[in-house]
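Thanks for taking a look at this one with me.

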Amino acid sequence: MKLSALTVNLMINLTGTWLEKQEFIDLLLASEPLGPWLLGKLRGAHEPLVEIDNRRNQAHARLRALIARGTELDALHDRKARSIHYHFIALIDGADDEQEIERYRALHARLLPRGLRAIRMSYMEEGGAARALDETIGDEVRAELDAIAVGDTSLGELFEAWMTAGKELSRVTSARAELRKAFARDGSESAELDMRSPRSAWL
C-alpha cells in the first residue's frame, strides 16, 4: 500500500502504537543523538493529526446531537399544534352560541390559518413560521387563550409550548446548517477540518 493511501485513522493508530510503548520511547531517548530527534519527529507528526481528528469527531458528535434534538423539537412542535387545532374543532362543535362559535373560529384562523399544513413543512419553515407567529400575537389574544381551559391546562399554555418548540427548532436547524458547512470544502470552517497539512507532515 502506498503511504499516500493511508487513512488518517490508520496513520494515528500506527504512530500511536509506537508512542504508547514506554520501552520504545526509552530506547529512542537512549539512542542519542538520532533517537530523541526521531521521537520529536514522531510526536510532531502524530499529535496534530490526533488534535484535528478529535475536533472532527466532536463536530460530528455535535451534528448528531443537533439532528436528534431537531427531531425531538419537531415532534413537540407538531404535537402542540395538533392539540390546539383539535381543541378548537371541539370547542366550535360543542358551542351553541353563535358569537362564541365565531370567536373560536377567529382565534383558530389567527393561529392556524392553514390548519394542520403548519406541521407538514420543513424544520426551517416550521421554525420560521413559529417565530413570525409569536411576534404577531399580542397580549390581548394571549389573554383570550389563557382564559380557555382545556383539562388541567389552557390554550394559552399550549400555544406558548408550541411557540417555544418552534423557535428552538429554528435555532437548532440553523446551527445544524452552519455546522454542515464546516464539512464542505467551501465551508467557513473547512480549514479547521482540513487534514492535508498534518497528513503531509506525517508522511
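This is a predicted model: local features need pLDDT of at least 70, side-chain atom pairs count only at pLDDT 80 or more; totals for chains, interfaces and linings use all residues.

1. Arg103 has a salt-bridge partner in Glu144, and their closest N and O atoms are 3.4 Å apart. This pair links distant parts of the chain, since Glu144 sits in helix H6 (residues 139-146) and Arg103 in helix H4, 41 residues apart. Glu144 is partly exposed as well, with a relative accessible area of 24%.

2. Next, have a look at Asp134 and Lys167, a salt bridge with its closest N and O atoms 3.0 Å apart. Asp134 belongs to helix H5 (residues 123-136) and Lys167 to helix H7 (residues 155-182), so the bridge ties together parts 33 residues apart in sequence. Shared partners join Asp134, Arg142, Glu160 and Lys167 into one network of salt bridges. Is Asp134 buried or exposed? It is buried, with a relative accessible area of 16%, whereas Lys167 is partly exposed at 31%.

3. Within helix H3 (residues 34-94), Arg69 and Glu72 are three residues apart, which means about one helical turn separates them. They form a salt bridge too, with the closest N and O atoms 3.3 Å apart. In total, the structure holds seven salt bridges.

4. Glu98 lies in helix H4 (residues 98-111) and counts as exposed because its relative accessibility is 53%.

5. For the overall picture, the protein chain has nine helices and two strands, and 38% of its 203 residues count as buried.

Key: Residues are numbered from 1 along each chain as its sequence is written. Side-chain values use heavy atoms; hydrogens and water are left out. Helices (H or I, at least four residues) and strands (E, at least two) are DSSP runs, numbered from the N terminus. Buried means under 20% relative accessible area, exposed over 50%, partly exposed in between (1.4 Å probe, protein chains only). A salt bridge is a side-chain nitrogen of Lys or Arg within 4 Å of a carboxyl oxygen of Asp or Glu.
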